[in-house]
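Dear colleague,

Please find below the structure that I am handing over to you. The findings follow directly after it.

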Amino acid sequence: MWLSWYRDSLAPDNHDALRIKEARLPKITGSSPQLHKRRYLVDWVATICERCDITTETLHLSIMCLDHFMDKYSIDDAQLHLIALCCLLIAAKFEESDMKIPRIQTLNYFVQNAFLTKEFRQMELLLLEFFCWNLVLPTSAHYIEYYKMAALSPNDTLNGEKVTKSMEGKIMKYIAKYCKYFLDISLQDFAFSQLPPSLVAAASIASSRHSLGLSPSWTSQLKEVTGFSVSQVQPVALALISVYYHYRARDAECENVEVPCGDMLAKCNTTDHKAAEGPQHTTRVVGC
């Protein structure tokens, strides 16, 4: 339903409407007793989306639904998989074309047919009633395509050299790749779900530009499109970059590589921008 809203002539107005809707979203408190299992559930749902060719927008919407529902209820462990699958199901019904909506039988396969169709239907109804049948919930994935349209500016430099027209296509492909990666990071770490989705999307753009060597990391064009200043984006972007370095070091088992100590995500929720230092002493998100 959201697809291509950013290509409409009314895109700025649509963006403003999403931001208003975003501001009205209930705050996620992190009070769920099952919060420690969230990372596993996110990875699991992401795997299902990949295998079923489900869009990034649907994945992010399903996790947002899961976060809000888990935040308000104490859920039996035996029901967590059913709730996660039903969050994915209702998100797909809202986001995907009819042909791409996964069938209950398909979803049940991922839990070895542990649940009855009736149980899926009952949980689906419970979730829809919880959200008052309104799934117009803007996620960072819904903003990112609009923000990517402003991800390159005429005065950009790449590792000190001016970006030429012939370079733009290739750079944009890398920006898209990096943005997806940083959005994936934001999905996995719970602290990012407590931030405005539009801010996380904007920070993903800044993190991508920084990682690619584009300068400045944040431009006047991006400020105009997103509505965020460099001081607003910087702590979140540096948190994303910090987590990226942490994951890279962990995955490579690089015990001798210096990485941040893990509370960057908590710090990105504060207004103290000095607290959010980058993964290495030279890392800084630079504005125009």
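Both Tyr143 and Tyr147 are buried in this predicted model. The two residues belong to helix 7 (residues 140-148), where they sit four residues apart, about one turn of the helix. An α-helix has 3.6 residues a turn, so residues three or four places apart point the same way. The rings of Tyr143 and Tyr147 form a stacked aromatic pair, with 5.8 Å centre to centre and 25 degrees between the planes.

How many aromatic pairs are there? The count comes to 13 aromatic pairs. One of them joins Phe69 and Phe130 in an edge-to-face arrangement, with 5.1 Å centre to centre and 85 degrees between the planes. This pair links distant parts of the chain: Phe69 lies in helix 3 (residues 56-72) and Phe130 in helix 6 (residues 117-130), 61 residues apart. Phe69 is buried, because its relative accessible area of 3% is under the 20% limit. Phe130 has a relative accessible area of 25%, which means that Phe130 counts as partly exposed.

For the protein as a whole, the secondary structure comes to twelve helices and three strands. Of its 288 residues, 49% count as buried. Among the contacts with a separation of 6 or more, 79% are between residues 24 or more positions apart.

Helix 9 is mostly covered, since 14 of its 16 residues are buried. After helix 9 comes Gly213, whose phi is positive, near 90 degrees.

The largest pocket holds about 410 Å³ of space. It is lined by 23 residues, and the closest to its centre are Met64, Phe192, Ser193, Leu195 and Pro197. Helix 1 (11-23), helix 3, helix 8 (165-188) and helix 9 each supply at least two residues of this lining. Helix 3 gives the most, with five residues. By type, the lining of the largest pocket divides into twelve nonpolar, seven polar and four charged residues.

The second largest pocket has a volume of about 250 Å³. Its lining consists of 14 residues, of which Ala46, Glu50, Leu59, Lys180 and Asp184 lie nearest its centre. Helix 2 (38-51), helix 3 and helix 8 are the elements that give two or more residues to this lining. The largest share, six residues, comes from helix 2. The lining of the second largest pocket divides into six nonpolar, four polar and four charged residues.

A search of the whole structure finds one cavity of 30 Å³ or more, and about 40 Å³ of space lies in the largest cavity. Which residues line the largest cavity? They are Ile28, Ser32, Leu35, Arg38, Asp67, Met70, Asp71 and Phe190. Helix 3 gives the most to this lining, with three residues. The lining of the largest cavity divides into four nonpolar, one polar and three charged residues.

Yours sincerely,

A colleague

Key. Residues are numbered from 1 along each chain as its sequence is written. This is a predicted model: local features need pLDDT of at least 70, side-chain atom pairs count only at pLDDT 80 or more; totals for chains, interfaces and linings use all residues. Side-chain values use heavy atoms; hydrogens and water are left out. Buried means under 20% relative accessible area, exposed over 50%, partly exposed in between (1.4 Å probe, protein chains only). Rings of Phe, Tyr and Trp (its six-membered ring) pair if their centres lie within 6.5 Å; planes under 30 degrees apart count as stacked, over 60 as edge-to-face and the rest as tilted. On a 1 Å grid over the protein atoms alone, a cavity is a set of points where a 1.4 Å probe fits but cannot get out, and a pocket is an open set with protein on both sides within 12 Å along at least five of seven lines; lining residues have an atom within 4 Å of a point. Grid points are joined across faces, edges and corners, and a volume is the space filled by probe spheres set on the points. Ala, Val, Leu, Ile, Met, Phe, Trp, Tyr, Cys and Pro count as nonpolar, Asp, Glu, Lys and Arg as charged, and the others, Gly among them, as polar. Contact means heavy atoms within 4.5 Å.
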